[in-house]
Amino acid sequence: MGFEPPVPHVVMISFPGQGHVNPLLRLAKRVAAKGVLITFTTTSDTGHQIISSSDVVPDDDGIPVGSGRLRFEFLDTNWDPSNGQKASLDDSMHHLETSGPADFADLIRKQSHAGRPVTYVVNNPFVPWAVDVATDMGIPCAVLWVQSCSVFSTYYHYHHSLAEFPTETNPDISVSLPGIPSMTPEEIPSFLLPSNPYKSLTKAILEQFHNIDKASKVFVNSFAELEPEAIDTIAKYVHLIPVGPLVEPEDESRSTLRGDLIKASDDCLEWLDTQAPKSVIYISLGSIVTFTKEEMAEMAHELTTNGRPFLWVVRPHCRELLSQGFLEEVKGRGMVVGWSPQDSVLNHGSVGCFLTHCGWNSVLETLTAGVPVIAYPQWGDQVTDAKFLVDIYKVGVRLKAPVERNALHAAIEAVMDGQEAEAIKEHATKWKEAAKMAVAKDGSSDRNIQLFVDEVKKRVAGDSNGYIQV
Ligand code: UDP
């Protein structure tokens, strides 16, 4: 009887949020493509949203991705502990922290019984307990940090009191960190400000730094060429391994399963086909941030009078905030969708600029697509990302909140046709090339992913009988 070499099997566990699922699932596809079996997990409610928003029906063996496979198996835990009523973030976090670890340990045990023991675990932030579960079971674990390296460094310095930050008595000081340009209080992640109202988010973010040393490695969704100094200087404390930009792969590892929690309107791509090159304003605030009714009215006014074509993502629960008659007025020239296939939209030749809330995934997607931005950050790391987009990467202009029609008009004209538009486009093209090179075969991030795959494969081959017992 022949000996079947065991398959390297990595379990990736994500916090149930769109901005967390996307980068981890994209890392999963890139690792799987190099010949690894991946089991992707998150809470069951979010998991079922992912599956029902895609056209894929994955079975227990998963779907082929490059020379590996990607399978889905969800925790018994739901994200929302309430019965139909909206739970607070605190309640949901608490529920996840209490039920998640035991369910995750069960899921890992089940893999051994099914003949595919787990070689490695990768988790993303907000589920720091996954590191404890894995290490307690003797399985090595890596963390994927889903924001920029500069933001990681900022939180790290804050958590370990390694630098001075604004306080209630000294709220106006700028923050100076090695490898990062000096940041005013408006430019540091807003969760670190004394006035921040979202204390539970700050707690959840800083919680990740308690046990990060237990992880055998920390990946970051960034690339060496984008943040060289920040990556170098934080290495004194934590060796961050860049594996980004984690955008949808263009090669054979691309899968139709994109991780959307809301089904994307693919018809907007057909509509984009009918528009002139680089003419369309794309507007999206990601999965959490919303405009107020007044801001929606300002947006609608400018989009109606401006005359340029636009594609605006208004998530289903915000649609009622659209001004009356707006859709009729812009018919044919503008399109409003509940959710877009954003990576494909940004890579479509007719998109000319992106009004973005500057979530880190959106930042990397727009840099990779070479699309100039109107940066409209609201909170958290978005304000830091906006600074980088405008001042450091020089790919766009800032728009102050709350949005006002004249300021919006000025921002659109500046980035599409203004004096600086050409320079902005050149910078955007430069970053596009650098980003694509980083994840292309043998690029800086691709090599890091390959090293990880080699390590995972070696672990399986080197184990006494190929199995890590749990
Ligand atoms: N996204 C999408 N379609 C949309 C809006 C957003 O596919 O209509 C995706 C976007 O491509 C990104 C993610 O949702 O990958 C949002 O993550 P980001 O970090 O930008 O913002 P967050 O939602 O976490 O604030």
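I shall begin with the sheet and then turn to the helices.

This is a predicted model, in which local features need pLDDT of at least 70 and side-chain atom pairs count only at pLDDT 80 or more, while totals for chains, interfaces and linings use all residues. Residues are numbered from 1 along each chain as its sequence is written.

The open sheet has eight strands in the order 3-4-2-1-5-6-9-10, with mixed pairing. Strands here are DSSP runs of E with at least two residues, and helices are runs of H or I with at least four, both numbered from the N terminus; two strands pair if DSSP finds at least two bridges between them. Strand 3 (63-65) and strand 10 (240-242) each have a single partner strand, so one side of each lacks a neighbour in the sheet. From one strand to the next, the twist averages 25 degrees.

Strand 1 (residues 9-13) runs parallel to strand 2 (residues 37-41), and five bridges join them. One of the bridge pairs is His9 with Leu37 of strand 2.

Across strand 1, strand 5 (120-123) and strand 10 lies helix 16 (residues 444-462), at about 115 degrees to strand 10. Angles run from 0 to 180 degrees between N-to-C directions, and axes are lines fitted to C-alpha atoms, for helices over the stretch in contact. Contact requires C-beta atoms, placed from the backbone, within 7 Å.

Finally, helix 3 (residues 89-113) and helix 4 (residues 129-136) pack at about 35 degrees, their axes 10 Å apart. Glu97, Gly100, Pro101, Phe104 and Ala105 of helix 3 meet Trp129, Ala130, Asp132 and Val133 of helix 4.

Key. Contact = placed C-beta atoms within 7 Å.
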